[in-house]
Every structure is written in structure tokens, then in C-alpha cells.
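Subject: Handover of a structure and findings

Dear colleague,

Please find the structure below, together with its sequence. The findings follow it, grouped by topic.

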Amino acid sequence: MTVVLNRLTADDDLFLKLHGLYGNALVNQLAWRFDEALDPAVLERFHAHLAHGFLARRVMTTSVPFARPRWVSACTAEPLAVQEDPVPEAGVLDWFSDQSRVEFDPVTGRVWRLSAAPTTTGGTLLSLVTSHVGADGGAVLYAVGDALERLDAEETPNTATSSGRFVGSIPPTGLLRSHLADALGQLRAAARGIRAAVKSRNVREPERNPRPAAPLLPLPDRYSAADLVVEVDAAEWNSVAAAHDGTANGLMVGVAVGILGRSGRIADDSAVRVDIPHSLRGIDDPRGNATTGLPIAVPYRKGERTDLRGVRASIKQAARAYADPATTPALQHLQPVQMMLPRIVLAHFSRTAKAPECLCTNLGETGRAVATIAGVRARSVLMRPVVCTAETDLFRRLEVGLNLSWSSDGDTVTLAVTGADPDRFPTRESLRDLVVDEFEEWGLHPRFWS
């Protein structure tokens, strides 16, 4: 009998290889701001539940050619990091950004870190940073939700009875047979993918805009992407979206395109390629990454608001196209082949690889499920991708653009905005000016985390 193992997905594998090339260039962060102090004992128990839950995973490879690596439960984790010095209001966003500076190791299972700090006003800041190798946004929320439920129920941290039971274990027998079966399955998947790619070779994705060569600002050798956290009343956000015949998601895209245009990154009357992650996660889904991307083309015209009706139509059209193999771009079919490529080959292709010029992630009403810890409700909850500090020339070569992530607790919309083009978003202040102008154009009233 062949045992069933929790094998890495194509996205897991890609993030793992990118981790080998660039380290912790991109991590996810779930951030809480509490007006009250959290009990240190509660934080320790919360950490213990996470350490036995869905995030507690490590990569195990195999010597069988073409067999995929798999996930098994990790028995180690980054310790809870508690800062003693209070964080002033003006330093909140910097503190959260600082928490992303951690070295993860998917092989040992050090793929997440929980950290906390008091504020000068008597509250608590809490950060959960996770490696994208082991968890997308949906996986993080699932792990945290399970840990909080077990915390409230005063359960004992236990891998066998928590979400950790879905991660994977090392079977006593049948391992070689499972690897051989998976290798054969991967060869078949690769063959099917190549045939499908040939059939869809004429399908085209929206083109990205080349990064303008000028201006080239005199910047330091290393660059930290400009980041902001913006809050808007949910009622106002939804009202503005409806007034322009759009959706909450479409307004996020419209705002992003406007900011990118104001920065000079794209030319007037051009089409912006916007990548929109779409979750494929099911109930009790064991996958670390279970997300696909829907690319759409959104026209930008200087001095005009983005057409939200057009955005909505484009998203629907992209969803239909990617649901049909015949209209799915060839590269998507080649994921099984991608998994077979050694890191040295990926390193060669990465020399010409480009980052998204505009990435818009809708995380839904995440705050409702994870806002309360042991009876204490957070004032604000945020989930965002964090682009870590790196060589300035690397950002230019990868042509990194603008990232937005949207989440809500039902009352407040929270937007994380990251401008990672060094010459268009050199500072947080320059990004903030662009956001203020774009929000004013839509009649939105932003509140910024300091």
C-alpha cells in the first residue's frame, strides 16, 4: 500500500527555490494593535499552540529523482520574542517592519516568528511573520484561527488534535514505494503539461510595462521598500465603490493603478498588468500554498479615475479563462516541469525574471476571525506581504512595482501599500503623498499608521 504524503505544491517548490536564491526577500505578516496590555502567559500559550499547529512544518527531501519533497511536522520553532522597551505611536509601523528581519530555514522548520512589544500608551503590538515557502495568507489565517480556538478552550498544545495533524508525518513503512509512485506521477503530469502547453501556445497573458530607465536617483546600495498602512471606514469604501459601479475589490485595483500612474512608473494611456491572487484552499486543506494568480490589463489615463466597471469585467473574464485549460497560458501548464528543474537552472532563468508591476491581494474580512486573543479585541488587524531590504540594483533589475493588500474587520478597511521601485517610491513620505492625492481623487479619507 502506497502511503499518502503531504507533498510540496508547485508554488511551495518555487518559493523554496527562490528562498535558496534570495533568502527571506518576501515574507507575510499578520499584525495586531491592542489598546490593552496582553498577559505574557497568554502569549506564551498562543505561541505553544502555533508551534504544534499548521505552521509547524519543515521540508523533507528525497533522493528519488522527480519525487517531490514533502512536509512533515516541525519540532522546533523561533522562540517568542518579547521586547521590553515600549514603542511610541510614531514608531509603530517601523516596529512592525523591523519584525520581518528574521532568517527562516524551511529545512529545520523555522518558518515563522511571533513577537510582541508594549506601547507607550499601555497597549500591545503583536506580529506573526511567516515564510511564504510554508504558508500563503489563507494558511496563516487557518493556523491562527485554530490556535486561538484552542487557546480559548484551554486545550493542551498537541499536534495530533490540532490543525498540525494535517501537516504530515514520517510513515514507518512504504516510503520508498510512495516516492517511486510520486516520481512516476510527476513524469506523467509533466507530459500532460507539455501537451497542454503546446495546445495553448497562442494564449497570451497581459503584457507588463517595461520599467522606465529614468530617472535614476542617487540612492544607497541597499533599499528598503516604502511601506504604508492606511485605514478607511468600510462604509465609506463600499459607498465609493458602488458609486462608481464597482466592487470593494475593484476599488483596490483602481486605487493601485492610480498610484502607480502618479508615480511615473507607467505612461499615460497604457495598460497596467495587475496580478490578483485567488485562493484555491478547501476545508482541512493540507497545502502550504494553495493560491493561483489572475492577471488582468487595466487602462491608465492621466487625470482620470480607473474604470471600475471595466475592472470587474476583466476579473470575471480572467477567472473564466483560467478555469478552462484551453484558455490557460502555456506557462501555467508547465508547473510540473518547473518542479523538476534544479535550482541552478532556476538561477539562470531568474536573471531575466521580473516581479509583478502591480500586485493586488484581497484577504477579505480577516479581522473578524483573528481579532480577539483571550477575550481582548485588537483595535486594528492587518495582513500584508513584506518586501525585505535588499540591494537597490536588485529591485531595479527585478522591476518590482507596487503591492496592495486589502483586509477588513467589517468596520474598517485596512490597506497595506508597498512601493518597491526605488526611483518612484524612494521614501515612505513620497509614497504617502501619492496615496493622499489618489484617495482625494476618489473622495476617500485615509488614516495612516504612524
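In what follows, a residue is called buried when its relative accessible area is under 20%. Please bear in mind that this is a predicted model.

Aromatic pairs

By that criterion Trp95 is buried, as is Phe96. These two residues form an aromatic pair of the edge-to-face kind, with 5.1 Å from centre to centre and 75° between the planes. Trp95 and Phe96 also belong to one aromatic cluster together with Trp449.

A search of the whole structure gives 6 aromatic pairs. In another of these, Trp32 and Phe46, the ring centres are 6.2 Å apart and the planes stand at 85°, so this pair is edge-to-face. It connects distant parts of the chain: Trp32 belongs to strand 1 (residues 26–34) and Phe46 to helix 2 (residues 40–50), 14 residues apart. Trp32 has a relative accessible area of 0% and is therefore buried; Phe46, with a relative accessible area of 0%, is buried as well.

Charges over rings

Two arginines are placed over phenylalanine rings. The charged end of Arg57 sits over the ring of Phe54, at 4.5 Å from its centre. Arg432 lies over the face of Phe448, and here the distance to the ring centre is 4.1 Å.

Packing of helix 7

Helix 7 (residues 248–263) packs against helix 14 (residues 428–442) at an angle of about 130°, and the axes are 9 Å apart. The two helices are therefore oblique to each other, and their crossing is right-handed. On the side of helix 7, the contact is made by Leu251, Gly254, Val255, Gly258, Ile259, Arg262 and Ser263. Helix 14 contributes Leu431, Leu434, Val435, Asp437, Glu438, Phe439, Glu441 and Trp442.

Helix 7 also packs against helix 8 (residues 308–323), at an angle of about 110° and with the axes 9 Å apart. Helix 7 and helix 8 are therefore roughly perpendicular to each other; the crossing of this pair is right-handed. Here Asn249, Gly250, Leu251, Val253 and Gly254 of helix 7 meet Leu308, Val311 and Ile315 of helix 8.

A buried aspartate

Asp13 is located in helix 1 (residues 10–22). Its relative accessibility is 5%, so Asp13 counts as buried. Which residues is Asp13 in contact with, leaving aside its neighbours within four places in sequence? They are Leu8, Gln338 and Met339.

Backbone geometry

Most residues other than glycine have a negative phi, and most peptide bonds are trans. The following places depart from that pattern.

- Ala214 and Pro215 are joined by a cis peptide bond, with omega at about 0°. Pro215 is found in the loop between helix 5 (175–199) and strand 7 (222–223).
- Asp269 has a positive phi, near 65°, and lies in the loop between helix 7 and strand 9 (270–279). Its relative accessible area is 57%, so Asp269 is exposed.
- Asp284 also has a positive phi, near 55°. The loop between strand 9 and strand 10 (291–300) holds Asp284, which is partly exposed, with a relative accessible area of 37%.

With kind regards

Definitions and conventions:
Residues are numbered from 1 along each chain as its sequence is written. This is a predicted model: local features need pLDDT of at least 70, side-chain atom pairs count only at pLDDT 80 or more; totals for chains, interfaces and linings use all residues. Side-chain values use heavy atoms; hydrogens and water are left out. Rings of Phe, Tyr and Trp (its six-membered ring) pair if their centres lie within 6.5 Å; planes under 30 degrees apart count as stacked, over 60 as edge-to-face and the rest as tilted. Helices (H or I, at least four residues) and strands (E, at least two) are DSSP runs, numbered from the N terminus. Buried means under 20% relative accessible area, exposed over 50%, partly exposed in between (1.4 Å probe, protein chains only). A charge sits over a ring if NZ of Lys or CZ of Arg is within 6 Å of the ring centre and within 35 degrees of the ring normal. Axes are lines fitted to C-alpha atoms, for helices over the stretch in contact, and angles run from 0 to 180 degrees between N-to-C directions. Angles under 35 degrees count as roughly parallel, over 145 as roughly antiparallel, 65 to 115 as roughly perpendicular and the rest as oblique. A crossing is left-handed if the near helix is turned anticlockwise from the far one by less than a right angle, and right-handed if clockwise. Contact means heavy atoms within 4.5 Å.
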